[in-house]
Amino acid sequence: MIERLCALRNEGQTWAVICGLEDTPAYTTICLWRRTKPEFAAALRAADAGAADLRADEALEFARSAAQGAMGDRLRHTAFMQRAALDAPERWAGGKASGASAAAAVAAAAKSPRMEIVFRVRRFEKVVNDEGRTVLREIFPEGEE
């Protein structure tokens, strides 16, 4: 069973597909086996690595066939750099590019800075001002104005 499950994972099948087959265990059983059977967990880690390589190759092929232009160029550049980082992490991953500082600088520049978006709920109430006109007044939280 381990060989069959690992072969299906290596082919890129998802757990939803694998566990939906008639002759395979349920997903909860696989999770239990992962926790209780170290040899099973190790075999699945290796199979998942194979599946990840397959997906990376598929992404690379998709990027190669992308349309020409700025968007296609950006997709190809990103896919090639990510594949390089997967194939040679000691050289291309994490900005530790020995002998490839220009490529590392390009890759670092391509990463967008972290952005934080804060939503604030504002409250208003209708009041009558000194002139007798109805206006809206903002109600601030305690300690703010």
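Let's start with what a helix axis is here: a line fitted to C-alpha atoms, for helices over the stretch in contact, with angles running from 0 to 180 degrees between N-to-C directions. What you're looking at is a predicted model, where local features need pLDDT of at least 70, side-chain atom pairs count only at pLDDT 80 or more, and totals for chains, interfaces and linings use all residues. Residues are numbered from 1 along each chain as its sequence is written, and side-chain values use heavy atoms, with hydrogens and water left out.

Now to the helices (DSSP runs of H or I, at least four residues, numbered from the N terminus). H3 packs against helix H4 (residues 38–64) at an angle of about 110°, and their axes are 6 Å apart. That makes H3 roughly perpendicular to H4, a label that covers angles of 65 to 115 degrees. Who makes the contact (heavy atoms within 4.5 Å)? On the H3 side you'll find Ile30, Trp33, Arg34 and Thr36, and on the H4 side Pro38, Phe40, Ala41, Leu44 and Asp48. Sorted by class, that's six nonpolar, one polar and two charged residues; here Ala, Val, Leu, Ile, Met, Phe, Trp, Tyr, Cys and Pro count as nonpolar, Asp, Glu, Lys and Arg as charged, and the others, Gly among them, as polar.

Next, the aromatics. Rings of Phe, Tyr and Trp (its six-membered ring) pair if their centres lie within 6.5 Å; planes under 30 degrees apart are stacked, over 60 edge-to-face and the rest tilted. By this rule there are two aromatic pairs. Take Trp15 and Tyr27: their ring centres are 6.5 Å apart and their planes sit at 55°, so this pair is tilted. Trp15 lies in helix H2 (residues 15–20) and Tyr27 in helix H3 (residues 27–36), so the pair ties together parts 12 residues apart in sequence. Trp15 is buried at 12% relative accessibility, while Tyr27 is partly exposed at 42%. (Buried means under 20% relative accessible area, exposed over 50%, partly exposed in between, with a 1.4 Å probe and protein chains only.)

The other pair is Trp33 and Phe40, with centres 5.5 Å apart and planes at 90°, so it's edge-to-face. Trp33 is partly exposed at 23%, whereas Phe40 is buried at 1%.

Finally, have a look at Arg9 in helix H1 (residues 2–10). Is Arg9 buried or exposed? Arg9 is buried, with a relative accessible area of 15%. Leaving aside neighbours within four places in sequence, Arg9 touches Thr14, Trp15, Ile18, Ala47, Asp48 and Ala51.

Definitions and conventions
Helices (H or I, at least four residues) and strands (E, at least two) are DSSP runs, numbered from the N terminus. Contact means heavy atoms within 4.5 Å. Angles under 35 degrees count as roughly parallel, over 145 as roughly antiparallel, 65 to 115 as roughly perpendicular and the rest as oblique.
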